[in-house]
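Good morning, and thank you for making time for this presentation. I would ask you to keep the sequence and the structure in view while I speak.

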Amino acid sequence: MSEARLWTKNFTMDSVANFFIYLVYYTLTVIIAIYAMDTLQASPGVAGLASGIFILTALFSRIFTGKTIEQIGQKKMLLIGLVLYFATTFLYFEADNISFLLFIRSLHGIGFGIAATATGTIIAHIIPASRRGEGVGYYAMSVTLASAIGPFLGIYMSQHISFQIIFAICAIILAVSILSALLLKLNAEPLTTSVKVDHGNFAVNNFIEFKALPIAVIGGLLGFFYSSIISFLAPYTREIDLVSAGSSFFIVYSIIILFSRPITGHLFDKKGENFVMYPAFLVFAIGMILLSQAHNNFILLAAGGLLGLGFGTFMSSGQAIAITLSPPHRVGLATSTFFSLTDGGVGIGPLFLGLLVPSIGFRGLYMLMAGGAIFSMFLYYLLHGRKKRQQESVVIN
């Protein structure tokens, strides 16, 4: 029998829309604090809030999107999020004080959270079950590409053109994303009466998919540990005099993810979840150890490659697990549950980890994160891995 088709028009258009959604997110994230300080004379703390409030509102909008997406419709929800994301971009032109900028960033985060959750839900319904690991891996490459191109694009443009032109370019990018979304042709399955009642109730399980919660909790932990890289890599490389290699760290990180995800996704489908998840934790831990001991460019960049392989594999495989564990009509909730906790871990990580740096230093921090990755692996075994192994043993027998 031939394999189920993966690269359909819907798969491509949804991935393209997702790429542009995240491209604008990463482009603005690296420059918004600079904009707040240079243009609006905000303090560094308030400028940081302008960046962080986006993530906070995105997190909450993910939760509510997961609850309502099946009722409203996947494509309609995507377009609602994209239009809000697109329209809010024009408000940046009117930002003449920091309070209004915070308001804009809040709205922008809501639009992003709705749109990003919708694309993730749509892709979960599009991908054939037999190729879920591989499909999610390819789809997740849209985020990886955006995370590599966006920061570079943002920094480069901020050095050569005005912020006003940057905002206009972001609006154009989101217009292309809306066009990609309009080209989607989705066959909405009608919800049963029991499902409609279930969605209509104001209950905790209508905001959280409990079947996806164990892997989401682990995602939150790993996101917490990963935040130590995105928050403190710059001062760390400055401290150890490896700034030039530090600027290439995320390029190596992204390249490794791009090349590894199709392979790890295929192994996920053919060999099972545990076959790729346990090595992902170990590789992530080894990457943190190498990062903590970096004394030259090669070790630092090798650490970037290993961290990309470990964290990148976990993110795509973790999303696939969350989707697999959930009923079809709750895939939106599973997606929002997984990413809300993972994003939450990345968001709150710097607040707590920054308190440790004065006492243990950056090297000590990254060694501690390596230990945290090993702890996450054992937690994965307790919450999911051993159950999956038992299920596979029953099937074999």
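Predicted model: local features only at pLDDT ≥ 70, side-chain atom pairs only at ≥ 80, totals over all residues.

Let me begin with a term: a residue is called buried under 20% relative accessible area, exposed over 50%, and partly exposed in between. Phe-90, at 41% relative accessibility, therefore counts as partly exposed.

I turn to the overall architecture. The protein has 14 helices and zero strands. For a chain of 397 residues, a compact globule would have a radius of gyration near 21 Å, and the value for the protein, 21 Å, agrees with that. The C-alpha trace spans about 60 × 45 × 40 Å along its principal axes. Of the 397 residues, 52% are buried. If we take the contacts between residues at least 6 apart in sequence, 85% of them join residues at least 24 apart.

Next, the interior. In soluble globular proteins, nonpolar side chains tend to be buried together. Here the largest nonpolar core has 59 residues, and Ile-215, Ile-229, Phe-284, Met-288, Leu-291 and Phe-314 are those with the most contacts inside it. Helices H5, H6, H9, H11, H12, H13 and H14 each give two or more residues to this core. The largest share, 15 residues, comes from H14. As for Ile-215, once its neighbours within four places in sequence are left aside, its contacts are Met-277, Phe-314, Gly-318, Ile-321, Ala-322, Phe-338 and Tyr-380. Another core, of 48 residues, lies apart from the largest one and includes Ala-58, Leu-82, Leu-102 and Phe-167.

How far apart should the ends of a helix of 23 residues be? At 1.5 Å a residue, H11, residues 249-271, should span 33 Å, and its end C-alpha atoms are 31 Å apart, which agrees. After H11 comes Gly-272, with a positive phi near 105°.

Ser-317 lies in H13 and is buried, with a relative accessible area of 3%. Beyond residues up to four places away in sequence, Ala-303 touches Phe-249, Gly-287, Leu-290 and Leu-291. The C-alpha atoms of Ala-303 and Asp-269, which are 34 residues apart along the chain, are separated by 27 Å.

I move on to the aromatic rings, of which there are 32 pairs in the structure. In one of them, the rings of Tyr-25 and Tyr-26 have centres 4.8 Å apart and planes at 55°, so the pair is tilted. Are these two residues buried or partly exposed? Tyr-25, at 16% relative accessibility, counts as buried, whereas Tyr-26, at 22%, counts as partly exposed. Phe-90 and Phe-93 form another tilted pair, 6.3 Å centre to centre with 35° between the planes. Phe-93, at 30% relative accessibility, counts as partly exposed. Both of these phenylalanines belong to a cluster linked by ring pairs, together with Tyr-35, Phe-86, Tyr-92, Phe-163 and Phe-167.

Finally, the backbone at two loop positions. Most residues other than glycine have a negative phi. Gln-41 has a positive phi, near 55°; this residue sits in the loop between H2 and H3, and at 61% relative accessibility it counts as exposed. Asp-241 likewise has a positive phi, of about 60°, although it is not a glycine. Its place is in the loop between H9 and H10, and at 66% relative accessibility Asp-241 counts as exposed.

That concludes the presentation, and I would be glad to take questions.

Key. Residues numbered from 1 in each chain as written. Heavy atoms only, no water. Helix = DSSP H or I, 4+ residues; strand = E, 2+ residues; numbered from the N terminus. Expected span 1.5 Å × (residues − 1). Phe/Tyr/Trp six-rings, centres within 6.5 Å; stacked < 30°, edge-to-face > 60°. Buried < 20%, exposed > 50% of the residue type's maximum accessible area, 1.4 Å probe, protein only. Core = buried A, V, L, I, M, F, W, Y, C linked by side-chain atoms within 4.5 Å. Contact = heavy atoms within 4.5 Å. Rg over C-alpha atoms; globule rule 2.2 N^0.38 Å.
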